[in-house]
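Please keep the viewer open while you read.

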Amino acid sequence: MNRWLLPEDIADVLPAQARKVETLRRAILDLYQSYGYELVSPPILEFLDSLLTGTGSDLNLETFKLVDQLSGRTLGLCADITPQVARIDAHLLNRAGVTRLCYAGSVAHARTPVGSSSREQLQLGAEIYGSANWEADFEAITLLLKTLELAGLKKVYLDLSHAGILTGILANQSLDKETIESLYGLLQSKDRPRLKQWSTCLPAPVAQALLALTELNGPCSEALAQANKVLPKHAAIDQALADLERIVSAANSNAGLELSIDLADLRGYQYHSGLVFAAYVDGLPQPIARGGRYDQVGQAFGRSRPATGFSLDLLTLAGLSSLNMRKFAILAPWLQDATLEKVIADLRSRGEVVIQVPAGEFVEAAEYECDRELVKQGNSWEVKKK
C-alpha cells in the first residue's frame, strides 16, 4: 500500500504556497474588519438535515455523509459555508439591525465541482444581513474587487445578471422545480432551438421573452438598452433593470474593471432573489468568485431577512496571486551562547526571521532565503551579508 497517496482530487498545500494562503487570509480578513465585518467560524460537521435545509438542499450530492457515533444521526461534512452563516444570523445572533459577517474555513465536496481540480477548498466570504438596499449589493462587489486587488489581480471582468427578471417573466406561470431546472439549463447554454421548442406550452409573450434573454448579453449600456425595449413590462423586471443600472453606474469608476451583462446567466436562480454577479480573472476559465442577493436564505431557520454577499476559494486565489511571499532570513549557528541567544531574541522581536543550524549544515526552505548571517566579532554577534 502506498501510504503517501491521497484520495482523488485531494492535495497537500506545501511550504511557500501555504504561507501565501495564510498571509492572504490574514490580510483579507483585516480588510473585511475595516468595513465592520465580524468573523464567524461554523463547524465543519453538522447534522445533515440542518446542512441541507432550505437553499442548502441543492448540495445533497456534494455532501459527504457519515453516522454520528454519539447520537446515531446522520452528519454532513460542510460543502458550503453560506447556509451555515445564515443559520448563525437567523438563529444565534437574532439581531434586528444590519449585520456584517465574514468567514474563512475548509469545505469538502463528495464530487469534484465543475471547473475545479480539488474536492477540498478554503472558502472565504462576506455577507450583509438586514439591508435590502442596492448599496449593500454594491458594497459586496466593492469588497470583492478589493479582495482581488489585495491578491495582486488588477484586471477583473465582472458579469452581472438579476434573478428578478426571470421572476417577472414567469409571473403567473405554475412551473415545478424540475421544469425550472430544465429551463435554466437551456438559458445557460443559450440553446435557442431547444428553448423555442420547450416554451411552446407557454403563452407567446412569455416564450418570446425567454428567447430574448439568450441575446441580452454584452456591454452593459447596450444590453440594458435592448432589455428595456424587448422585455415585457412588469414590476419585478423594471426593478431588476433599475438595480442593474445603479450598480453599473456606481461600479464604472473602478479602474481595471471590465463590466458586462448576461441576463441568461441565472446561475442559482432558485437560490438568488436579486442581483447576481460573477468575477473572472485572466488564467482561470471559471469564475474566481460568485455572489449576489439571496433574501430567503434564512427562512428555513425561522427568520427570513435581506441578505447579500459573495464567496471564493482562497486556495485558487493564492494560486493565481502574483505576490511573492518568500522572506529574507538571517542564518545563525546553533550554539549554547547566552549573548547569541539574546541577539537572536531581539532580532525576532523586531520581525526578523532567524534560522539556526549546526555548523557545517545548510538551510533548504521554499519560504525563506538566508541572505544574511550572524557572525561573532570579538565578544559580540553582528549581522553580516552573506
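In which sense do strand β1 and β5 pair, and over how many bridges? Strand β1 (residues 38–39) pairs with β5 in the parallel sense, over 2 bridges. Strands here are DSSP runs of E with at least two residues, helices are runs of H or I with at least four, and both are numbered from the N terminus; two strands count as paired if DSSP finds at least two bridges between them.

Before going further, a word on the source: this is a predicted model, in which local features need pLDDT of at least 70 and side-chain atom pairs count only at pLDDT 80 or more, while totals for chains, interfaces and linings use all residues. Residues are numbered from 1 along each chain as its sequence is written, and side-chain values use heavy atoms, with hydrogens and water left out.

**Strands**

Strand β5 (residues 99–108) is joined to β6 by 10 bridges, and the two run antiparallel.

| Residue | Stands opposite |
|---|---|
| Glutamate 38 | Leucine 101 in β5 |
| Valine 107 | Glutamine 121 in β6 |
| Tyrosine 129 | Alanine 307 in β12 |

Because 9 of the 10 residues of β6 (residues 120–129) are buried, that strand is largely enclosed by the rest of the structure. In β5, 7 of the 10 residues are buried. Buried means under 20% relative accessible area, exposed over 50%, and partly exposed in between, with a 1.4 Å probe and protein chains only.

**Cores**

The largest nonpolar core has 71 residues, and Tyr32, Leu160, Ile169, Leu210 and Leu213 have the most contacts inside it. Apart from it lies another core of 16 residues, among them Val107, Tyr129, Tyr294 and Ala307. Such a core is a set of buried Ala, Val, Leu, Ile, Met, Phe, Trp, Tyr and Cys residues joined through side-chain atoms within 4.5 Å.

**A helix crossing**

The axes of helix α4 (residues 134–150) and helix α10 (residues 235–251) come within 10 Å and cross at roughly 45 degrees. Axes are lines fitted to C-alpha atoms, for helices over the stretch in contact (heavy atoms within 4.5 Å), and angles run from 0 to 180 degrees between N-to-C directions.

**A loop residue**

Asparagine 324 sits in the loop between α11 (314–320) and β13 (327–333). At 64% relative accessibility, this asparagine 324 counts as exposed. Asparagine 324 lies 304 residues from lysine 20 in sequence, with 7.9 Å between their C-alpha atoms.
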